Every structure is written in structure tokens, then in C-alpha cells.
Amino acid sequence: MHGPHDVGGRDGLGPIATEFLEPGIPDWRYPFEGRMHAVTAMAIAKGAFNLDEQRHGIELMKWSDYTDSTYYAHWLFSVEKLLNDKGYISHDEIDARMAELGAPSMTPHPEKPATLSPFAEKMVDVLWKGTPHDLPAEAPPVYDVGAAVRVRNIHDTKHNRLPGYLNRASGVIAKQYGAFHDPAASAHQQTDVPHQLYMVRFTSTELWGDAAVEEFDLYADLFEDYLEPAN
Amino acid sequence: MDWLSLPDVEARVNALESLMVEKGLAEHEAVDAVVASFENDMGPVNGAKVVVRAWTDPEYKEWLLRDATAAIADMGFTGLQTEHMVAVENTAERHNVVVCTLCSCYPWTLLGIPPAWFKYPQYRARVVKEPRSVLAEFGVELPADVKIDVWDSSAEIRYLVIPQRPAGTEDMSADDLMSLISRDSMVGTALVGTGA
């Protein structure tokens, strides 16, 4: 969907915050950021929802909330919505717990516990093993490297990984990656459906017009159904 | 959303964690362990090791450019959001810069947690439209004849930029070379100098 997250090429979002360009800022600036990241990974590991559902949840934020909030508020919105809608934890329970707990005191930069529970060990293991996203293909790739393709004019309100600025753009297949699990099927049906993935190259004039201020090439990784042969 | 302020978000995350622990979806000490792993064991030091090996071992560099997933796995740095990798090389003719316009996709085990500028909408919106101008804001002024390639991580492939090795570093030890390589240089928003 071309929601508030789909910002590639959009004007008017302003300059990069100068505070972000100062050297030495920790990548997790507040203790709640790392904790939100960790509990999200845990909920996924426990099977409450998957990564594609979590990304899609963020896409459903109100536009002004998306642009005005601190980054990990996006994760909080999505995880809270998913856990509520799936019946794990309701919004009201969170409201009530907030009132009970009062002001938090989170430890910044916690140390790794001396002994890890089986679940903690499993989580650290997941961090280093990852969760591969490729799948055996059910059909060979339709497009060869070098093929001229055009991005289809897709305005689906479901989750996909098609940046809006690439709609209808013509490009060239630069690489075949093989099949990866389809994000829409994963987000909406929680199924693993193989879908051929390609690296596609676009020119700046194709994307931004003959009057494009800068000249460069842009590469994006796009699924087969996002593409059609260019005439 | 009534809770946009930092204190509100913090309080809500706190309540969420508390409830998740109660319902068996999380454990407090496991959260500490995951946070500690990210902060201590994952980070650009890992990426810099890959870059130094590529700089000093031509066969490794060729492998890295051909099959980054396998070459990075060989050094033990694949992992969550780092399962599928492509390495792109900066040269005298070409400069690479990476973005995730749709969210903040980033190779966690190799480079750590992405910096704020990578995650917020402003960089994501502009670098795919005016990369040279954005790079100038990061202090990267490229000669006009250097071609720029922008990589939008729109699927599960993650990108590592191999910065150019500066001239005059031929006799430097691996440790000294490591100290030259910044996180930003492996995303494409910085160049590597000699540290002189």
C-alpha cells in the first residue's frame, strides 16, 4: 500500500535533523528503544505474528502520527495493534498497566545476564542464525538478466514491498535472486508462498523526469508480479 | 494515538513488556540479553572486519562481490536481517549509497542497529531523488565524474558498501585499517580517509 511509510521521492518532509548528524549518538538513544526491539523479536519468535504483519501494522498508522512520532513508537503501534487484534493483550490492559506502573525506570545498556534461561538462549541464537526468507521456487524466473521490464501500475491497499515512486517505471533486470516468500501472502494469510525476486535498475531520468536535477542509477529489489515486459 | 511524547512511549513500552512477560510472550532477562547482544556483539566492527579482509585479500574480495551471503557467513556475521547479502564496491568511478525507503531495513548483525538518520523519513525520501545533494550534507563531496548508484532495500536483501581503500595505507596493519572504517562508510554516507 502507498501509505505514510512509502516516502521515497516525496517532497516536504524537511531536512535530515541536524541532531541526527552529530557524531557519537548511540543507535538506541533511549532504553525503551532496545526493549521495544527485543520484545518485538520475541513476539515473532513465539509465533504471535510475523515480520510482514509487523511491517504492515506500521503502514496502517495515521500519516501525522507516522511523521510526528519517534521511530520506535511505530513498532509499539504495530505490535500493540497486532497483539490486541489477535487477542493476546488488549489496548485497555496496556492503559491499565501503565497507570499501575507509573513512571518507568529502565536500565540503559543492560548487561547480559550471567546465566541465560532457555528462552533467552534461544533468542540470542535467533539473532545469530537469522530467519532465511528464500524458498524453493515453484516455477523458473520469467525475466532474464538484461530484460527490459516495466513496473506495473499497482495501487493495492494490501501490504507489498513496491515503493510507490517506482510505479510504472521502466528498468532493466540486473540480477535474479531466486524465490523468496511473498510479503503479501505472509502479512495477510500468514502463508509462505514462493515468489521470484529480482534486482532491477532504473535511471534517474526515468524516475524523476528529463528535468531530474541529478543523474544516477537506482536499484530496487522487486517481486515478479510487480513487473511486466516493457514494450 | 494519544501517546506521542517520549515519556508516554516509554511508559507504554514498559507496560507492554510487563504484560508480555505475564502472558509468556517475553522474559525481562531475555530482553536484557537481546539488548546486550545488539549493543555489545553486533555493530560496525563486524562490517569493518569484512571490509579489511576484502581490502587485503583479493580472492576474498572477489568472493564477497560474487556471493556476499556466503563470504560474510564465512566470517560468522550473517544473522537476523543479515541472511541475504549483496556487497557493492566504491571505486574511483562509482559511489554506492544504501537506503530503505519503505522502513529501515539494515544488516543488523553486520552493522548493528541503524542510526536515526537512516530510519526517519527525511533521508529515505530524499536520497532516492537527490543523492549527491544528500551526500554533501553528510560531508561527502564527490567529483562530478563519479557515478552514484542508490540501492533501495525493498525486499529481504541487505547491502554492504565496500568503501575505497585510501591511498597511502599499503603498509598499515589490519587493526589500523579497521580503525579507519566508519559505520557510515559502509552505508555510503561517508568516505574512508587515512586518519592522518
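Visitor: What stands opposite A:L218?
Guide: That's B:V150, in strand 3 of chain B. Just so you know, this is a predicted model, where local features need pLDDT of at least 70, side-chain atom pairs count only at pLDDT 80 or more, and totals for chains, interfaces and linings use all residues. Residues are numbered from 1 along each chain as its sequence is written, while chains are lettered from A and ligands numbered from 1 in the order in which they are written.

Visitor: And in which sense do strand 4 of chain A and strand 3 of chain B pair?
Guide: Parallel, over 4 bridges. Pairing takes at least two DSSP bridges between two strands; strands are DSSP runs of E, at least two residues, and helices are runs of H or I, at least four, numbered from the N terminus.

Visitor: How many residues of chain A are in contact with chain B?
Guide: 89 of them, meeting 69 residues of chain B. Contact here is C-beta atoms, placed from the backbone, within 7 Å.

Visitor: Which helix of chain A gives the most to that side?
Guide: Helix 1, with 9 residues.

Visitor: New topic: where is A:H133?
Guide: In the loop between helix 6 (118-129) and strand 1 (148-151) of chain A.

Visitor: Buried or exposed?
Guide: A:H133 is buried, because 20 other C-beta atoms lie within 10 Å. The cut-offs are 20 or more for buried, 12 or fewer for exposed and partly exposed in between, with C-beta atoms placed from the backbone.

Visitor: Which residues of chain B does A:H133 touch?
Guide: B:E83, B:H84 and B:E156, leaving out residues up to four places away in sequence. A:H133 also touches A:F180 and A:H181.

Technical notes: Two residues are in contact if their C-beta atoms, placed from the backbone, lie within 7 Å.
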